[in-house]
Amino acid sequence: MTEWAPGDGNSARRITASRTMRGESAGLRYGLASWAANLETSRDLQSHLMNIGLFGGTFDPVHRGHMALAQAAREQYKLHRIHFVPANLPPHKQRQPLSPFVHRFAMLALATAQEKAFIPSLLEAPKESGAGTRKDPAEKPNYTIDTVRRLKQSLKGSDKLFLLIGMDAFADIAKWHQSEALFGECEFIVASRPGYSLADVANALPEKLRPRPEVTRPFHKQPAAGDLVLPGATIHLMGDLRQPASATAIRQAVAAGKPLGRFVDAAVAEYIGKMELYK
Ligand code: ATP
């Protein structure tokens with residue numbers, strides 16, 4: 001059975017599919033990381049009945065596309081708080097040289113400084129090597145499922161956790177570590193892009209959660225918008241944010257000596273220049 005009904009809040013529509021058709025410098029060591037986790041924990045315990053967002057990424061650097069995604073998600077889904085979680089070792093970008101964790105975290109702290117609800121998070125901060133400036137060979141990649149479970153330990157049962165993600169990253173979600181379990185831990189808020197259909201979203205799901213082809217066939221003509229509610233997965237789709245910024249383009253712009261104002265917050269641009277990143 002496929003059911004169409006008005007969407008929650010500002011979302012355009014809801015599609016429900018039943019089971020039958022499913023077919024955290026030198027001081028940045030373990031102590032700082034756990035202190036930060038405790039801070040996040042105690043803040044969470046003080047409040048109640050909240051919608052919380054978790055926004056992971058490499059943030060190398062954080063840019064206007066990220067901020068647009070977070071702002072839109074906060075407004076549309078009434079998120080009380082969004083934890084921006086830079087990965088120390090992102091599993092999917094292991095071959096790409098990354099800026100040290102401490103720089104990526106500092107830029108996030110600058111970009112989120114004016115937004116009370118935006119928390120730069122140390123949940124995936126390096127535990128052993130100082131500030132993440134050196135790669136510790138014993139350090140394990142940061143899996144989102146572990147970070148989500150860690151953050152959830154600090155939330156109340158009545159709180160709702162949403163994972164924020166862009167459509168390009170969502171397209172690979174089935175390859176993520178324990179992806180099926182991840183959908184059971186939280187709801188997803190996906191920032192769509194022009195050209196993606198609802199079928200692209202459904203077909204990106206881990207195999208066990210993916211609806212059968214006869215179910216998704218009509219989805220091909222439908223844009224990726226609204227809420228997709230399936231057994232084991234709830235996905236809220238936000239429209240295109242019209243913020244084409246990418247960290248790759250920014251790194252290239254710096255290397256080419258181009259101005260960054262279009263892509264990043266002034267404080268972040270200043271930091272990149274001062275620290276001579278991406279040269
Ligand atoms: P890179 O260019 O190095 O791959 P990136 O710009 O995609 O980086 P990430 O830190 O890898 O940035 O992305 C974190 C999250 O933000 C991902 O879920 C990604 O899909 C999303 N995202 C990145 N850029 C945009 C954008 N312009 N609009 C909406 N979402 C975005």
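Which residues does Leu-110 touch, not counting residues up to four places away in sequence? In this predicted model, Leu-110 touches Ala-267, Val-268 and Tyr-271, where contact denotes heavy atoms within 4.5 Å. The residue lies in helix H3, helices (H or I, at least four residues) and strands (E, at least two) being DSSP runs numbered from the N terminus. With a relative accessible area of 33%, Leu-110 is partly exposed, on a scale in which buried means under 20% relative accessible area, exposed over 50% and partly exposed in between (1.4 Å probe, protein chains only). Between the C-alpha atoms of Leu-110 and Pro-120, which are 10 residues apart in sequence, the separation in space is 9.1 Å.

Residues are numbered from 1 along each chain as its sequence is written, and side-chain values use heavy atoms, with hydrogens and water left out. Because the model is predicted, local features need pLDDT of at least 70 and side-chain atom pairs count only at pLDDT 80 or more, whereas totals for chains, interfaces and linings use all residues.

Six salt bridges were counted, a salt bridge being a side-chain nitrogen of Lys or Arg within 4 Å of a carboxyl oxygen of Asp or Glu. One of them joins the side chains of Glu-185 and Arg-149, with an N to O distance of 2.8 Å. Glu-185 lies in helix H6 (residues 179-185) and Arg-149 in helix H4 (residues 144-153), so this pair ties together parts that are 36 residues apart in sequence. Glu-185 also forms a salt bridge with Lys-152, for which the closest N and O atoms are 2.9 Å apart. This second pair likewise links distant parts of the chain, with Glu-185 in helix H6 and Lys-152 in helix H4, 33 residues apart. Through shared partners, salt bridges join Arg-149, Lys-152 and Glu-185 into one network.

Elsewhere, ring pairs link Phe-55, Phe-59, Phe-84 and Phe-118 into a cluster.

Helix H2 (residues 64-76) comprises 13 residues and reaches 18 Å from its first C-alpha to its last, close to the 18 Å expected at 1.5 Å a residue, the expected span being 1.5 Å times one less than the number of residues. The buried residues of H2 include Gly-65, His-66, Met-67, Ala-68 and Leu-69. Just after H2, Lys-78 takes a positive phi of about 50 degrees.

Two loop positions complete the description. Ser-99, in the loop between strand S4 (81-86) and helix H3 (101-111), is buried, with a relative accessible area of 11%. Its side chain makes a polar contact with the side chain of Asp-60 at 2.7 Å, a polar contact being a pair of N or O atoms within 3.5 Å, of which, within protein, one must be able to donate a hydrogen and the other to accept it, and residues adjacent in sequence count only if both atoms are side-chain atoms. Leaving aside neighbours within four places in sequence, Ser-99 is in contact with Asp-60, Arg-104 and Tyr-278. Arg-217, by contrast, lies in the loop between helix H8 (213-216) and strand S8 (226-230) and counts as exposed at 54% relative accessibility. The C-alpha atoms of Arg-217 and Ala-199 are separated by 7.2 Å, although the two residues are 18 residues apart along the chain.

Conventions
Phe/Tyr/Trp six-rings, centres within 6.5 Å; stacked < 30°, edge-to-face > 60°.
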